[in-house]
Amino acid sequence: MEKISNLLEDKPVVIFSTTSCCMSHTIKSLISGYGANPTVYELDEMSNGSEVERALAELGCNPTVPAVFIGQQLIGGAHQLMSLQVRNQLGSLLRRAGAIWI
C-alpha cells in the first residue's frame with residue numbers, strides 16, 4: 001500500500017491505466033470531461049509498473065486497470081465510475097476532492 005500511497009500524495013484524482021486499455025481511455029475522458037486534470041500512471045510505461053499492479057490487486061482492484069482514486073480514496077474501476085456517473089454523483093465527488101470547482 002505504501003507504493004500506492006506515495007503515488008497518490010497531494011493529488012485529487014489519480015488513474016492507474018495501461019496505454020492499450022480502451023476502458024482506461026474512456027474513464028480518463030469521462031473525468032477530463034468534468035474539467036479535472038487527473039494524474040495518470042500508465043503501468044506499461046513505468047519501470048515498476050508490475051509492482052504497482054500487484055499492489056493494486058492486493059487492494060482488491062480486479063481488473064487492476066483502470067483503477068481510480070479520488071481524494072486519495074479508491075473508488076474502483078470502470079464499472080464503479082460509470083455507476084457514479086449514471087447516479088449523477090461523480091461531479092460532486094470530484095468537487096469534494098478539489099479536482100474541480102464548479
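Trainee: Which residues does Ser24 touch, not counting residues up to four places away in sequence?
Mentor: Keep in mind that this is a predicted model. Ser24 is found in helix 2, residues 22–33, and at a relative accessible area of 0% it's buried. Leaving out residues up to four places away in sequence, what Ser24 touches is Phe16, Ser17, Thr18, Val65 and Pro66.

Trainee: Phe16 again! How is its aromatic pair with Tyr41 arranged, stacked or edge-to-face?
Mentor: The structure holds two aromatic pairs. For Phe16 and Tyr41, the centres are 5.4 Å apart and the planes 20 degrees apart. Planes under 30 degrees apart count as stacked and over 60 as edge-to-face, so the Phe16 and Tyr41 pair is stacked.

Trainee: And which arrangement do the rings of Phe16 and Phe69 have?
Mentor: Their centres lie 5.8 Å apart. Phe16 sits in strand 1 and Phe69 in strand 3, so the pair ties together parts 53 residues apart in sequence. With the planes at 80 degrees, the pair is edge-to-face.

Trainee: Is Phe69 buried or exposed?
Mentor: Buried means under 20% relative accessible area. Phe69 has 2% relative accessibility, so Phe69 counts as buried.

Trainee: Over to Thr64: which side chain does its own side chain make a polar contact with?
Mentor: Thr64 lies in the loop between helix 3 (49–58) and strand 3 (67–70), and it's buried at a relative accessible area of 12%. Leaving aside neighbours within four places in sequence, its contacts are Glu53, Leu56 and Ala57. The polar contact from the Thr64 side chain, at 2.7 Å, is with the side chain of Glu53.

Note on methods: Residues numbered from 1 in each chain as written. Predicted model: local features only at pLDDT ≥ 70, side-chain atom pairs only at ≥ 80, totals over all residues. Heavy atoms only, no water. Helix = DSSP H or I, 4+ residues; strand = E, 2+ residues; numbered from the N terminus. Buried < 20%, exposed > 50% of the residue type's maximum accessible area, 1.4 Å probe, protein only. Polar contact = N/O pair within 3.5 Å; in protein donor to acceptor, adjacent residues only side chain to side chain. Contact = heavy atoms within 4.5 Å. Phe/Tyr/Trp six-rings, centres within 6.5 Å; stacked < 30°, edge-to-face > 60°.
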